[in-house]
Structure formats: C-alpha cells, structure tokens
Amino acid sequence: MSSNGDITTGNTNDDRYTIWLDIDNTLYSASARISQAMGERIHAYFVALGFPEDEATELHHKYYNQYGLALRGLVRHHNIDPLDFNRKCDGSLPLEDALNPDPKLRKLLQDIDRSKARVWALTNAYKTHAQRVLRILGVEDQIEGLVYCDYSKPDFSCKPEAEYYHNALRQANISNPAKCCFVDDSRTNVNAAQSLGWGRCVHFCEKGLIVVEGGKAREIGKDLTAAADDSGITTITDLEELRTVWSDLFKI
Ligand SMILES: [Mg+2]
C-alpha cells in the first residue's frame with residue numbers, strides 16, 4: 001500500500017486475479033470484540049445527537065440494515081460530518097489493546113503467489129481506521145491497494161451498494177469481475193459481490209461467535225439457511241482455509 005494510504009492504480013494490462021480482503025471481523029476475529037466497542041460508540045453518538053436511548057438503538061439498527069453502515073443514514077438524514085463520526089467512533093477504539101500482530105495472517109498473505117494475484121483490502125471504514133488495523137496486525141506491507149469509504153465525500157458509497165464495488169474495480173483497473181476473489185464476514189456484502197459477477201466469493205463465518213451489527217448482538221452463522229449451501233459461495237471459519245479454496249493462487 002502506498003505510504004500515504006492513497007489508492008494505488010492497477011495496471012490495465014494486468015490479467016492476474018485480485019484478492020479483495022474485508023478488514024474488520026475478517027482479518028481479525030470477532031472474538032477481539034471490536035464490534036462490541038464500536039456498537040457502544042455509535043450508540044453514544046446517536047444519544048449525543050439528542051435521541052433518547054431507545055430511539056438511538058432503533059435508528060442505529062435501522063440505518064445499518066438499510067444502508068450497510070449506520071453512518072450512511074446519519075449523513076443522509078441528520079447531516080452529520082462523517083469525519084467527526086470517524087474521530088469519535090472508529091478513532092477512539094482501543095485497537096492497540098484489542099489486537100496484536102498476527103504472524104499467521106502475515107504468512108498467509110506472504111504465501112499468496114503475487115504473479116497470480118494482487119492483494120487489496122476493501123473496507124466500509126475510512127482509511128485511517130483501515131490503515132491502523134493493518135498496521136497493528138503487521139500486514140500493512142502485504143496489502144497492495146486499499147478501497148475504503150471516503151468519508152470526506154458527502155455522498156460516499158459503501159458495501160453492499162453496487163456503486164461501491166464498481167468503484168473498487170475502477171480503482172484497481174479491473175475490467176473482468178470474474179477475476180476477483182473476495183472474502184468478507186458479511187454475507188450481505190458477499191452476496192452483493194457475487195451478484196455483480198465477482199468470480200470467487202468467500203464468506204468468512206466464525207460460527208457461534210457473537211458479533212454486534214447495527215448495535216445488536218448476533219450469533220454468527222445462526223441465520224444461514226440450507227439454501228446458502230447452493231449459492232456458489234464458499235463458507236470458511238478460518239482464513240487458513242483460503243489456502244485450499246484459492247489453492248491455485250498460493251505458492252506451494
Ligand atoms: Mg467486516
């Protein structure tokens with residue numbers, strides 16, 4: 001990744017695969033409980049806007065479900081400054097306490113054959129949070145490009161909006177979405193990528209762990225139906241399984 005975190009531009013003649021990695025609750029486990037800390041901060045943000053506790057809870061959940069990101073609803077309906085939100089919510093997370101360098105993850109990324117695949121990150125967070133997580137995990141130098149939610153633009157898009165994925169392809173100079181490999185802990189985000197023709201989609205699903213989404217706790221994997229098995233989306237519970245799922249993209 002470029003040192004200032006700005007988006008790097010892919011080569012038009014590059015016909016390698018691109019591996020797209022979600023960051024939060026994918027590159028680190030939901031057991032780090034960062035989603036819980038995040039949920040508390042977002043709730044406090046709603047309350048600070050003047051909403052009573054119960055209304056704050058309801059709106060937080062509603063916006064998350066509606067837009068894939070509570071912040072999207074806050075910007076759209078309450079005219080808040082996304083960068084202020086970023087400072088108070090993501091920016092105040094105790095990530096240095098909750099996360100550690102992850103040599104196993106680093107080795108996994110190092111073992112990807114870069115002559116066959118580029119490795120990019122694709123996050124709904126702003127770049128400051130994304131870079132901070134990658135730095136703490138010790139994998140920043142393994143990520144060649146970063147697509148993030150640009151909170152500095154009032155009409156920024158986010159996963160699972162189609163525009164966000166189209167934008168990602170543009171930034172990475174990818175003309176054929178079939179050459180995209182994507183892993184995300186949000187089934188909704190993975191489904192969206194698949195519906196747009198992204199070729200090799202993987203749902204990272206730490207079954208049984210608790211994650212907080214839209215301010216509400218949810219048991220991971222509980223809502224997956226049998227139909228999900230026929231979707232063509234591979235479900236994994238450990239990122240190490242990517243070595244098998246995308247075996248052609250790894251060095252031996
Ligand atoms: Mg995630």
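## A salt bridge in the hairpin

The side chains of glutamate 213 and arginine 218 form a salt bridge, with a distance of 2.8 Å from N to O. Glutamate 213 is buried, its relative accessible area being 15%, whereas arginine 218 is partly exposed at 24% relative accessibility. These values come from a predicted model.

Strand 6 (residues 210-213) and strand 7 (residues 216-219) run antiparallel and are joined by 4 bridges. The hairpin of strand 6 and strand 7 has 2 residues between the strands, and in this hairpin glycine 214 takes a positive phi near 60°.

## Other salt bridges

A search of the whole structure finds 18 salt bridges. Side chains of opposite charge can pair when their charged atoms come close. What is the distance, N to O, in the salt bridge between arginine 87 and aspartate 84? The two side chains meet at 3.9 Å. Both residues lie in helix 4, 3 residues apart, which is about one turn of the helix. Is arginine 87 buried or exposed? Arginine 87 counts as exposed, at 53% relative accessibility. Aspartate 84, in contrast, counts as buried because its relative accessibility is 18%, under the 20% limit for a buried residue.

Arginine 132 forms a salt bridge with glutamate 96, and their closest N and O atoms are 2.8 Å apart. Arginine 132 belongs to helix 7 and glutamate 96 to helix 5 (residues 95-98), so this pair ties together parts that are 36 residues apart in sequence. Arginine 132 is buried, with 13% relative accessibility, while glutamate 96 is partly exposed, with a relative accessible area of 47%.

Helix 7 covers residues 127-137 and includes alanine 130. Alanine 130 counts as buried, since its relative accessibility is 1%. The C-alpha atoms of alanine 130 and isoleucine 210 are separated by 22 Å, and these two residues are 80 residues apart along the chain.

## A covered strand and its partner

How many of the 5 residues of strand 5 (residues 200-204) are buried? The count is 5 of 5, and the strand is described as mostly covered. Arg200, Val202 and Phe204 point one way from strand 5, while Cys201 and His203 point the other way. The residues on both sides are all buried.

Strand 5 pairs with strand 4 (residues 180-184) in the parallel sense, over 4 bridges. Within this pairing, valine 183 has valine 202 of strand 5 as its bridge partner. Valine 202 is also one of the buried residues of strand 5.

## Backbone features in the loops

Asparagine 25 has a phi near 65°, a positive value in a residue other than glycine. Asparagine 25 counts as buried, at 10% relative accessibility.

Asparagine 79 also has a positive phi, near 55°, and is likewise a residue other than glycine. Asparagine 79 counts as exposed, at 70% relative accessibility.

A further backbone feature concerns a peptide bond. The bond from lysine 159 to proline 160 is cis, with omega near 5°. Proline 160 lies in the loop between strand 3 (145-147) and helix 8 (162-171).

Which residues form the negative surface patch? The patch is made by Glu53, Asp54, Glu55 and Glu58. Glutamate 55 has its place in helix 2 (residues 53-67). Glutamate 55 is partly exposed, with a relative accessible area of 37%.

Terms used
Residues are numbered from 1 along each chain as its sequence is written. Side-chain values use heavy atoms; hydrogens and water are left out. Patches are made of residues with over 30% relative accessible area and no salt bridge: like charges are joined within 9 Å, nonpolar side chains (Val, Leu, Ile, Met, Phe, Trp, Tyr) within 5 Å. Accessible areas come from the Shrake-Rupley method with a 1.4 Å probe; for residues, only the protein chains shown count as cover. A salt bridge is a side-chain nitrogen of Lys or Arg within 4 Å of a carboxyl oxygen of Asp or Glu. Lys and Arg count as positive and Asp and Glu as negative; His and the chain ends are not counted. The place of a charge is taken as NZ of Lys, CZ of Arg, CG of Asp or CD of Glu. Buried means under 20% relative accessible area, exposed over 50%, partly exposed in between (1.4 Å probe, protein chains only). Two strands pair if DSSP finds at least two bridges between them.
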